[in-house]
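Work through the exercises below with the model open beside you. Try each task before reading its solution.

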Amino acid sequence: MTEAALTFATLPAAIEAAGGLFVGFDRDGTLIEDRGYGVTPEQVVLKPGLREFYASLCSLSYPFKTAVFTNQSAIGHGLTDWETVGAVNRTVAHVTNQTVDAEWLTLDRFFVCPHAAADQCACRKPGTLLCERAMNELATQAWPFLMLGDRNSDCFMALNIGGVAIRLGDEMLAQVGDTRFKAAERSGQLEGQRDLSAAAASIRSD
């Protein structure tokens with residue numbers, strides 16, 4: 001018998017049954033302002049709503065772990081390097097810690113795909129290799145997975161691994177013509193929200 005797909009309607013029960021929630025964030029355009037290729041630590045600016053979103057996670061009264069999944073094809077194209085990407089990631093973690101109350105769990109790990117799309121690797125979103133690696137390293141295989149991102153590939157990664165996704169941005173799903181997106185939205189596996197603050201409503205336990 002095929003296991004029913006995780007939806008936002010079944011997410012609270014799934015969290016309770018598993019005893020925790022694994023949350024994935026895209027980096028550029030989701031956690032921080034998207035500066036395009038070659039972003040530097042000095043250019044890191046958090047997107048609004050992170051504090052409110054973390055508050056909603058804490059309201060669940062269950063453990064949660066978080067990770068960042070980011071496609072950095074600028075490495076593969078020779079426009080930046082691992083050292084710079086790592087420095088940006090450390091800056092993101094630092095400013096996140098400053099934004100979110102110290103006692104709250106913040107970003108656990110960053111998982112980076114350095115390849116160009118033409119490389120057809122398994123780790124570039126919407127591929128699931130990075131997420132599988134994160135689940136193994138963070139011991140969250142049994143927890144339901146929620147992904148937040150501003151691109152199609154972010155959401156597809158979550159759907160491809162059996163999770164749910166929140167697509168962020170003013171346009172939400174309006175410009176997405178992909179029939180799979182529409183089907184996932186209708187089935188409750190995918191929601192569109194303006195920003196992280198609005199996304200808090202999707203998981204808040206009231």
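**Exercise 1. Decide whether serine 73 is buried or exposed, then list what it touches.**

Step 1. Serine 73 has 8% relative accessibility, so it counts as buried. Buried means under 20% relative accessible area, exposed over 50%, and partly exposed in between (1.4 Å probe, protein chains only).

Step 2. Serine 73 sits in helix α3, residues 73-76. Helices (H or I, at least four residues) and strands (E, at least two) are DSSP runs, numbered from the N terminus.

Step 3. List the contacts, meaning heavy atoms within 4.5 Å. Leaving out residues up to four places away in sequence, serine 73 touches Tyr37, Cys113, Pro114, His115, Ala116 and Arg124.

**Before going on: what kind of model is this?**

This is a predicted model: local features need pLDDT of at least 70, side-chain atom pairs count only at pLDDT 80 or more, and totals for chains, interfaces and linings use all residues. Residues are numbered from 1 along each chain as its sequence is written, and side-chain values use heavy atoms, with hydrogens and water left out.

**Exercise 2. Find how confident the prediction is.**

Step 1. pLDDT is the predictor's confidence in each residue, from 0 to 100. The protein chain averages 88, and 90% of the residues score at least 70.

Step 2. Confidence is lowest in α7, at a mean of 84, and highest in β4, at 97.

**Exercise 3. Identify the residues that touch the most other members of the largest nonpolar core.**

Step 1. Define the set. A nonpolar core consists of buried Ala, Val, Leu, Ile, Met, Phe, Trp, Tyr and Cys residues joined through side-chain atoms within 4.5 Å.

Step 2. The largest core has 35 residues; Leu21, Phe25, Phe53, Leu57, Leu146 and Leu148 touch the most other members. Elements that each supply at least two residues include α1 (11-18), β1 (21-25), α2 (50-58) and α8 (196-203).

Step 3. Follow one member. Beyond four places in sequence, Phe53 touches Val23, Phe25, Leu146, Leu148, Leu196, Ala199, Ala200 and Ile203.

Step 4. Turn to Ile203, in helix α8. Ile203 is buried, at 6% relative accessible area.

**Exercise 4. Explain why helix α6 is largely enclosed.**

Step 1. The buried ones are Ser153, Asp154, Cys155, Phe156, Met157, Ala158 and Leu159. They pack against β2, α5 (129-138), β4, β5, α7 (179-187) and β6 (190-193).

Step 2. Just after α6, glycine 162 takes a positive phi of about 90°.
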